[in-house]
Amino acid sequence: MSIRTILFDLDGTLIDTNELINASFRHTFEHYKLAFTPDEILEFNGPPLIETFQKIDPEKADRMVATYREHNLSEHDNYVTAFPQVIETLEELLKREIKLGIVTTKMTKSVNMGLTLTGLDRFFDTIITFDHVSRPKPHAEPVLKAMESLQADPATTLMVGDNHHDIESGKNANVQTAGVAWSHKGKERLMEYNPTYMLEQMSDLLKIAGV
């Protein structure tokens, strides 16, 4: 059965925010006089911010989130770009009447900034952010909520992401999944979670969707 609905993670999948994320973490840790290696910082990329900072310092977690977000929003436009082939692929999917949605652990404000800056805001019929759910990825709730909004059939839905949280969320919602080879943590790392597909480039979606 062909794919009729595709749900995308945002950061690291459609838009390149990797350096912005790293810079925001470094800024936050410097502010609170904490030291982490680049490899350690890489592991913080993916889960909701509050989860990450609560593990580091429960008492300061809320303040650390605020510090991170202030830097992230102020520096956003200096870093963020769309990955190669993203716009062209999304345009072709829309022509073939594939329903498109975003499922992310980011807050709505920063999601809208990224989509507007990169010109991707015109493509999506539903956008599920951290603000819209009580249980973010890897729980199934965000994917299920997006499917409900799009009236999508799990059997013809694909969840695409660069992090294991995306793959697990898709599996928990009983949909097909696709990892992206340009994942900041590496293709091999993502393959360990057994996505249904691995995209070497964004245009691979056209073959998977049968368009």
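1. Buried is used here for a residue with under 20% relative accessible area, exposed for one with over 50%, and partly exposed for anything in between (1.4 Å probe, protein chains only). Val-133 counts as buried because its relative accessibility is 15%. Val-133 sits in the loop between strand 5 and helix 7 (141-150); helices (H or I, at least four residues) and strands (E, at least two) are DSSP runs, numbered from the N terminus.

2. The model is predicted: local features need pLDDT of at least 70, side-chain atom pairs count only at pLDDT 80 or more, and totals for chains, interfaces and linings use all residues. Residues are numbered from 1 along each chain as its sequence is written, and side-chain values use heavy atoms, with hydrogens and water left out.

3. Contact means heavy atoms within 4.5 Å. Not counting residues up to four places away in sequence, Val-133 touches Ile-128, Glu-141, Pro-142 and Lys-145. Between Val-133 and Lys-145 the C-alpha to C-alpha distance is 8.3 Å, at a separation of 12 residues in sequence.

4. Helix 5 (residues 86-95) has Val-86, Thr-89, Leu-90 and Leu-93 as its buried residues. Seen down the helix axis, these fall within an arc of 95°, so they line one face of helix 5; the arc is that of the directions from the helix axis to the C-beta atoms. Glu-88 and Lys-95 are exposed residues on the face turned away from the buried side. The packing partners of the buried residues are strand 1 (5-8), strand 4 (99-103) and helix 10 (204-208). After helix 5 comes Glu-97, with a positive phi near 60°.

5. Strand 4 is mostly covered, with 4 of its 5 residues buried. Two strands pair if DSSP finds at least two bridges between them. Strand 4 runs parallel to strand 1, joined by 4 bridges, and Leu-7 stands opposite Gly-101 of strand 4. Strand 4 also runs parallel to strand 5 (residues 126-128), joined by 3 bridges, and here Ile-102 stands opposite Ile-127. From strand 4 the chain passes through helix 6 (residues 108-118) to strand 5 in a right-handed β-α-β crossover, meaning that, with the strands pointing away from the viewer, the path from the first strand over the helix to the second runs clockwise.

6. Asn-18 belongs to helix 1 (residues 18-31). Asn-18 counts as buried because its relative accessibility is 6%. Leaving aside neighbours within four places in sequence, Asn-18 is in contact with Gly-12, Asn-45, Phe-83 and His-184.

7. A pocket, on a 1 Å grid over the protein atoms alone, is an open set of points with protein on both sides within 12 Å along at least five of seven lines; a cavity is a set where a 1.4 Å probe fits but cannot get out, and lining residues have an atom within 4 Å of a point. Grid points are joined across faces, edges and corners, and a volume is the space filled by probe spheres set on the points. The largest pocket has a volume of about 490 Å³. Its lining has 31 residues, of which Asp-11, Leu-49, Tyr-68, Thr-105 and Lys-106 lie nearest the centre. Helix 4 provides the largest share of that lining, 5 residues.

8. The whole structure holds 2 cavities of 30 Å³ or more. The largest cavity has a volume of about 40 Å³. Its lining residues include Asp-162, His-164, Lys-185, Arg-189 and Tyr-193.
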